[in-house]
Amino acid sequence: MALNDITMELPAGHMTNVFGQFDTYVKKIERQLHVTIICRDDQIRILGDQTRIQHAGQVISQLLAFSEKGNTITEQDVTYALSLVASHETATLSDIGEETICHTVNGRPIHPKTLGQKNYVDQIHNKMIVFGVGPAGTGKTYLAMAMAITAFKQEDVGRIILTRPAIEAGEKLGFLPGDLQSKVDPYLRPLYDALHQIMGADSFMKNMEKGLIEVAPLAYMRGRTLDNSFIILDEAQNTTPAQMKMFLTRIGFGSKVVVTGDATQKDLPPDTKSGLDVALKVLKNVEDIGFCELTSRDVVRHPLVQKIVNAYEDYEQKQSAGNRRRKQVAK
């Protein structure tokens, strides 16, 4: 097989960002695409099969353009750039991360990192109610929280309401000490963590005391009308159909709602229908309701999380296929 090569310019100022610490990112590109990348001053030479070196060149070009916009490249960015090139997507990392939603209290920009996340953010912009469904680590709650805080700061809404069903994840915690708020706080901790990271603890506490930010269990929503609010229902797979209907009928004028959930991680009692599953079927044709399904490709946590999600998906598909075969044999 003939060995081909291409040469590319790579400014020294972006070399470390594109190559990664100890050349981690470039080694990942070499391993995945089976090419060799050699750096000489501000030029890089890529050797290998013609198609593979073209793909490697496209990945490096995407990373360079992303770096030139002031972004710090992560391993997840490299992984996603590789998948974009492999799937022949026309979108690039720079296109996806073009919109900065807001900044964390430490100044880190928050923006979509995958095509699925970009679609999710666009849906939240354009629809009154959005269902964001997908596995752990896809940024469902975090991006919704960032959108809510941005809308609040821009005075598009007057308050933020965050809620989730208070259900234990597969275990009974028994009696919890303290007043009612202390009892429900452990269930709402993931929402507090995101708020602290984006807003800062002081700003969060001030707005919480004023009643402009509310974090409460879903059971507290009954009987209320929620006007001029950005409302996020998290862990919606753990709602019952009655709870979901109750929540969706609380929505008032000037409000925006995001419902997030992972259909594969239900903590409901056996044989109990999920309100999220029912809502996705009942509301699929209702105008001004958006549906965004995120997948393992949209996982933005540690790369190992993506592998875990994929492994579980494969296992569950095999289990389902086995169950179907057993039922057919039994008939």
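View 1. C39 stands opposite I44 of β3. In this predicted model, local features need pLDDT of at least 70 and side-chain atom pairs count only at pLDDT 80 or more, while totals for chains, interfaces and linings use all residues. Residues are numbered from 1 along each chain as its sequence is written, and side-chain values use heavy atoms, with hydrogens and water left out. Strand β2 (residues 36-40) pairs with strand β3 (residues 43-48) in the antiparallel sense, over 5 bridges. Pairing here requires at least two bridges found by DSSP between two strands; strands (E, at least two residues) and helices (H or I, at least four) are DSSP runs, numbered from the N terminus. The hairpin leaves 2 residues between β2 and β3, and D41 in the turn has a positive phi of about 55°.

**View 2. The open sheet β1-β3-β2.** Let's step back to the sheet. Its 3 strands follow the order β1-β3-β2, with antiparallel pairing. β1 (4-9) and β2 stand at the edges with a single partner strand each, so one side of each has no neighbour in the sheet. From one strand to the next, the twist averages 20°. Look for E9, which stands opposite Q43 in β3; β1 and β3 pair over 6 bridges. Helix α3 (residues 50-68) lies across β1, β2 and β3, and runs at about 15° to β1.

**View 3. Where helices α1 and α2 meet.** The axes of α1 (residues 12-19) and α2 (residues 24-33) come within 6 Å and cross at roughly 60°. Axes are lines fitted to C-alpha atoms, for helices over the stretch in contact, with angles from 0 to 180 degrees between N-to-C directions. N17, V18 and F19 of α1 meet T24, Y25 and V26 of α2, where contact means heavy atoms within 4.5 Å.

**View 4. T225 and S255, two loop residues.** T225 is in the loop between β8 (213-217) and β9 (229-233), and is exposed at 55% relative accessible area. S255, in the loop between α10 (241-248) and β10 (256-261), counts as buried at 9%. Buried means under 20%, exposed over 50% and partly exposed in between (1.4 Å probe, protein chains only). A polar atom of the S255 side chain lies 2.6 Å from the backbone oxygen of L226.

Methods
A polar contact is a pair of N or O atoms within 3.5 Å; within protein, one must be able to donate a hydrogen and the other to accept it, and residues adjacent in sequence count only if both atoms are side-chain atoms.
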